[in-house]
Amino acid sequence: MDVKLLRIDSRLLHGQVATDWAKNANVERILIVCDQAASDSIRKTLLIQAAPPGLKVHVLTLAKMIRLSRDERFSKLKVLILVENPIDAMRLVSGGVEVSSINLGSLSFDATRKMITETIAVNEQDIVALTWLKKRGIELDYRKVSSDPKRDLWKVLCDKGFVNEEQS
């Protein structure tokens with residue numbers, strides 16, 4: 001599978017992804033990889049209906065995405081993969097999904113998370129997953145839309161004292 005973009009966004013598919021990222025990544029499919037959404041028929045239907053014109057959206061479990069990524073029939077398929085959190089991104093990469101970079105859009109704040117940018121809040125599990133990804137040479141950037149300049153998420157995590165440069 002040709003993963004043009006792996007994006008972490010707690011909102012999954014929304015206007016910026018549908019109108020900007022999908023177009024600029026030049027993809028044939030959007031794959032939403034989320035166990036909870038895949039098992040919730042109403043949520044799954046709403047996500048599929050949010051598809052931009054001319055693009056198919058599929059909502060898959062993590063296990064199914066890993067199986068499909070190994071299937072030769074899909075080796076040339078250009079996809080945008082959306083996950084809700086860094087832990088799911090780590091699971092995909094550890095399962096064999098190949099990416100050189102991951103884009104973060106938004107991680108919602110809750111009682112377990114601390115804000116590190118205006119749109120990204122992280123907890124300890126997120127830090128562990130992001131560190132694991134960074135150690136594998138995966139670039140971590142954060143942007144709202146594709147035309148924004150790439151900003152280094154690892155630098156923000158270092159500057160805010162969540163990680164140190166030796167961890168990468």
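This is a chat about the predicted model shown above.

Visitor: What should I know before I start?
Guide: The model is predicted: local features need pLDDT of at least 70, side-chain atom pairs count only at pLDDT 80 or more, and totals for chains, interfaces and linings use all residues. Residues are numbered from 1 along each chain as its sequence is written, and side-chain values use heavy atoms, with hydrogens and water left out.

Visitor: What does the protein chain average in pLDDT?
Guide: The average is 93, and 99% of the residues score at least 70. pLDDT is the predictor's confidence in each residue, from 0 to 100.

Visitor: Which element has the lowest mean?
Guide: Helix H1 (residues 15-25), at 83, while helix H5 (residues 86-94) has the highest, 98.

Visitor: How many helices and strands are there?
Guide: Seven helices and nine strands. Both are DSSP runs numbered from the N terminus: helices are H or I with at least four residues, strands are E with at least two.

Visitor: In what order do the strands of the sheet run?
Guide: Seven strands form an open, mixed sheet in the order S3-S2-S4-S1-S5-S8-S9. Two strands pair if DSSP finds at least two bridges between them. Strands S3 (56-60) and S9 (151-152) are at the edges with a single partner strand each, so one side of each has no neighbour in the sheet.

Visitor: And how do S1 and S5 pair?
Guide: Strand S1 (residues 2-9) and strand S5 (residues 101-106) are parallel, over three bridges. Ile8 stands opposite Leu104 in S5.

Visitor: What does helix H4 touch?
Guide: Helix H4 (residues 62-69) packs on the sheet against S2, S3 and strand S4 (78-83). Contact means heavy atoms within 4.5 Å.

Visitor: New topic. How many residues are in the largest nonpolar core?
Guide: It has 38, and those with the most contacts inside it are Leu6, Ile81, Leu92, Ile102, Leu153 and Leu157. Helix H7 (residues 153-159) gives the most to this core, five residues. Such a core is a set of buried Ala, Val, Leu, Ile, Met, Phe, Trp, Tyr and Cys residues joined through side-chain atoms within 4.5 Å. Buried means under 20% relative accessible area, exposed over 50%, partly exposed in between (1.4 Å probe, protein chains only).

Visitor: What does Leu6 touch?
Guide: Among its contacts are Ile81, Val83, Ala89 and Leu92, not counting residues up to four places away in sequence. A second, separate core of 20 residues includes Leu12, Val17, Ala37 and Val59.

Visitor: How much of the chain is buried?
Guide: Of its 168 residues, 49% count as buried.

Conventions: Axes fitted to C-alpha atoms, helices over the stretch in contact; angles between N-to-C directions.
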